[in-house]
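Let's go through this model by question and answer.

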Amino acid sequence: MINLTTSSMALIDSRPMYRQRLSDYFKKSAKFDPITSASSVSDFYNILGRNEYDVVLCGLTPAQEAVQTLLNELKSRSIATKIVLLAPLEQKNTIFQGLCHGATAFMPEHLPLPIMEQRLSSHMQDNYWLNPELARLLLRYFGRRYTQARKDAPTLSDTERDLLEMVSEGACQRRIAEEQKAEKKHIRALVGGILTKLHSVHRTEQKSTTPPTLQHM
């Protein structure tokens, strides 16, 4: 009997030992099956075919341009696909560019695997969250004059901006839910909406100019 509650997963990372560690762990998980593993974006394309995945864990070690192309390809196949970047937090520029190109979340690559599994399982239920650093980057990104000036560019609502400001100051989900008198699932949905706007603005910018790096924001 097929377990309809499991999610198909793909792993992409150039480090053999790290990739094998992730693969071995998630193959034993009751929440993810089957597991596809690839050492590079090009290798993943060779096995991708017409397959669709519920979640793709992608390390930042492969060339950044190849990763960006992959994110665009996966999102064009299914908007339901969760694309999670694995990276150390200090690579914030690369992480943020990944979010611009369609990633729905990131996780520290050295996060204990049981916690990673728990967060991925939550993310599969359309639960989104950000850390303070990325919240600050989003505020800066949406605060640029030309983004706000474009009539066709989505802008943050007052509620979304308040949410990002609270996250940027280190507030947890419980505190934000209490202060905004909302349920946690509503707060997580707001974050998902902010990321959707980020992807939309970025696609619009790609048509006319190269997106600015964080140093120029």
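Q: Which residue does the side chain of D13 join in a polar contact, and at what distance?
A: This is a predicted model, in which local features need pLDDT of at least 70, side-chain atom pairs count only at pLDDT 80 or more, and totals for chains, interfaces and linings use all residues. Residues are numbered from 1 along each chain as its sequence is written, and side-chain values use heavy atoms, with hydrogens and water left out. A polar contact is a pair of N or O atoms within 3.5 Å; within protein, one must be able to donate a hydrogen and the other to accept it, and residues adjacent in sequence count only if both atoms are side-chain atoms. The side chain of D13 has such a contact with that of R15, at 2.8 Å.

Q: Is D13 buried or exposed?
A: Buried means under 20% relative accessible area, exposed over 50%, partly exposed in between (1.4 Å probe, protein chains only). D13 has 2% relative accessibility, so D13 is buried.

Q: Where is D13, and which residues does D13 touch beyond four places in sequence?
A: Helices (H or I, at least four residues) and strands (E, at least two) are DSSP runs, numbered from the N terminus. D13 lies in the loop between strand 1 (7-12) and helix 1 (16-27). With contact meaning heavy atoms within 4.5 Å, D13 touches Y18, R19, A38, S39 and G59.

Q: What separates the C-alpha atoms of D13 and V41?
A: Along the chain, D13 and V41 are 28 residues apart. Their C-alpha atoms are separated by 8.4 Å.

Q: Which backbone oxygen does the side chain of T81 reach?
A: T81 sits in the loop between helix 3 (64-77) and strand 4 (82-86). Its relative accessible area is 5%, so T81 is buried. Beyond four places in sequence, its contacts include D54, V56, L74 and T104. At 3.0 Å, the side chain of T81 reaches the backbone oxygen of Y53.

Q: Why do the buried residues of helix 2 lie on the same side?
A: In helix 2 (residues 41-48), the buried residues are V41, F44 and L48. They lie on the same side because they cover an arc of only 55 degrees, taken from the directions from the helix axis to the C-beta atoms.

Q: Which residue just after helix 2 takes a positive phi?
A: The phi in question is about 55 degrees. The residue is G49.

Q: Which residues touch the most other members of the largest nonpolar core?
A: A nonpolar core is a set of buried Ala, Val, Leu, Ile, Met, Phe, Trp, Tyr and Cys residues joined through side-chain atoms within 4.5 Å. The largest has 46 residues. The two are F44 and L198.

Q: How many residues are in the second, separate core?
A: Its members include V55, V84, M107 and L113. The count is 18.

Q: How many disulfides does a search of the whole structure find?
A: A disulfide is a pair of cysteine sulfur atoms within 2.5 Å. C58 is buried at 0% relative accessibility, and C100 is buried at 2%. The search finds 0.

Q: Which element has the lowest mean pLDDT?
A: pLDDT is the predictor's confidence in each residue, from 0 to 100. The chain averages 81. Helix 1 has the highest mean, 93. The lowest, 52, belongs to helix 7 (residues 145-149).
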